Amino acid sequence: MPIVDNAVYVDGKRTADPKNLDSTYEIMRERHGMAWIGLYRPEIDEINSVASEFGLHRLAVEDAIAAHQRPKLERYGDQLFVVLRPALYIDETEKVEFGELHVFLGTDFVITIRHAESPELDAVRKRLEATPDLLALGTEAVLYAILDQVVDEYLPVVDGLQNDIDEIEDQLFSRDPAVSRRIYTLSREVTEFQRATGPLVSMIESLKHGSDKYEVDVELQNYLRDVLDHCVRIAERVESFRVNLQNALQTNATLVAQQQNEEMQAMTQVSLDQSEQTKKISSWGAILFAPSLVAAIYGMNFEDMPELKWHLGYPLALLLMVLCSTGLYLVFKRQKWL
């Protein structure tokens with residue numbers, strides 16, 4: 001249903017719950033009250049109806065219809081058009097889901113257009129209705145309460161991102177190969193969150209600067225200052241998240257390079273060890289080959305071999321084997337092959 005809540009307030013008190021927009025227009029004119037119309041993903045007809053009744057600027061209306069706008073605050077005469085990006089942290093997927101809220105503000109009307117479930121504007125309305133003195137300050141009080149609610153809903157997102165970054169810092173030194181993808185993914189979430197929260201500081205400062213010109217109540221200015229302080233702290237923390245993730249990415253790259261170097265060194269050492277073993281095997285093979293060659297030659301037993309009938313032939317053959325093996329052993333030992 002496009003119309004979520006629709007009420008007319010007089011002196012901060014809810015005096016009527018019109019069934020349709022036409023009744024709202026009529027009652028607010030009769031009672032000189034303030035209309036607060038809450039729309040959820042409305043059709044173009046509903047947007048055109050309120051635009052025609054309250055004289056909303058064409059450009060702001062086009063933005064509300066098109067949606068997918070960046071956070072901003074625009075003033076058209078005595079009207080304000082505010083775009084906010086509320087956020088919700090999903091712990092299971094480590095994702096930040098962003099909504100979009102458009103607020104049209106005039107002297108006697110507030111129109112809120114939500115394109116997602118957040119923020120909880122019903123809680124905002126109940127809070128203001130429970131404090132009629134605050135609501136009696138006018139439409140600026142509604143805008144303050146909406147800003148306060150959106151900023152409050154940012155806090156669980158900040159805590160969730162902080163927890164993920166703490167886990168990444170622990171994960172970095174465990175050599176988990178999945179940490180790189182997690183850092184990249186979380187960096188995108190932080191960047192999007194920064195785009196949603198960053199403009200709020202300048203938006204609220206702009207509201208404060210125009211407070212005197214548009215005769216905003218002093219107490220309401222104090223409330224806005226409190227919201228601004230929260231926004232500044234959130235912006236600072238989000239910026240620190242971005243820096244921490246950049247450092248984590250650099251640290252991870254360093255650790256990966258170090259691990260690759262260690263693996264290369266280990267492979268090189270294995271290759272060296274294998275080379276040493278090959279040298280030893282080759283050396284002993286050569287040493288054993290020499291006496292085997294002598295024995296093979298003298299083992300042929302041909303009659304033409306004069307050493308066969310020589311009494312010193314056998315000892316000489318053994319001596320030749322020993323000398324060849326010893327000579328080769330000393331050569332290989334000097335070359336440090338053995």
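**Ground rules.** I number residues from 1 along each chain as its sequence is written. The model is predicted, so local features need pLDDT of at least 70 and side-chain atom pairs count only at pLDDT 80 or more, while totals for chains, interfaces and linings use all residues; side-chain values use heavy atoms, with hydrogens and water left out.

**Whole protein.** I looked up the secondary structure and found nine helices and nine strands (DSSP runs numbered from the N terminus: helices are H or I with at least four residues, strands E with at least two). Of the 338 residues, 40% are buried (under 20% relative accessible area with a 1.4 Å probe, protein chains only; exposed is over 50%, partly exposed in between). Among contacts (heavy atoms within 4.5 Å) between residues at least 6 apart in sequence, 63% join residues at least 24 apart.

**Helix H7.** I checked its length next: the 31 residues of H7 should span 45 Å at 1.5 Å a residue, and its end C-alpha atoms are 45 Å apart, so the two agree. The expected span is 1.5 Å times one less than the number of residues. I also found a kink of about 25° at Arg195, shortly before Pro199 (the bend is the angle between axes fitted to the seven residues ending there and the seven starting there).

**Thr197.** This residue sits in H7, which covers residues 179–209. Is Thr197 buried or exposed? Thr197 is buried, with a relative accessible area of 3%. Beyond its neighbours within four places in sequence, Thr197 touches Tyr154, Ile234 and Val238.

Rolling a probe the size of a water molecule over the atoms shows where empty space is left. On a 1 Å grid over the protein atoms alone, a cavity is a set of points where a 1.4 Å probe fits but cannot get out; a pocket is an open set with protein on both sides within 12 Å along at least five of seven lines, and lining residues have an atom within 4 Å of a point.

I found one cavity of 30 Å³ or more, and the largest cavity has a volume of about 40 Å³. Its lining includes Leu56, His57 and Phe104, and strand E5 (residues 79–84) gives the most, three residues.

The second largest pocket holds about 160 Å³. Its lining has 13 residues, with Val4, Asp5, Arg114, Leu121 and Asp122 nearest the centre.

Methods
Grid points are joined across faces, edges and corners, and a volume is the space filled by probe spheres set on the points.
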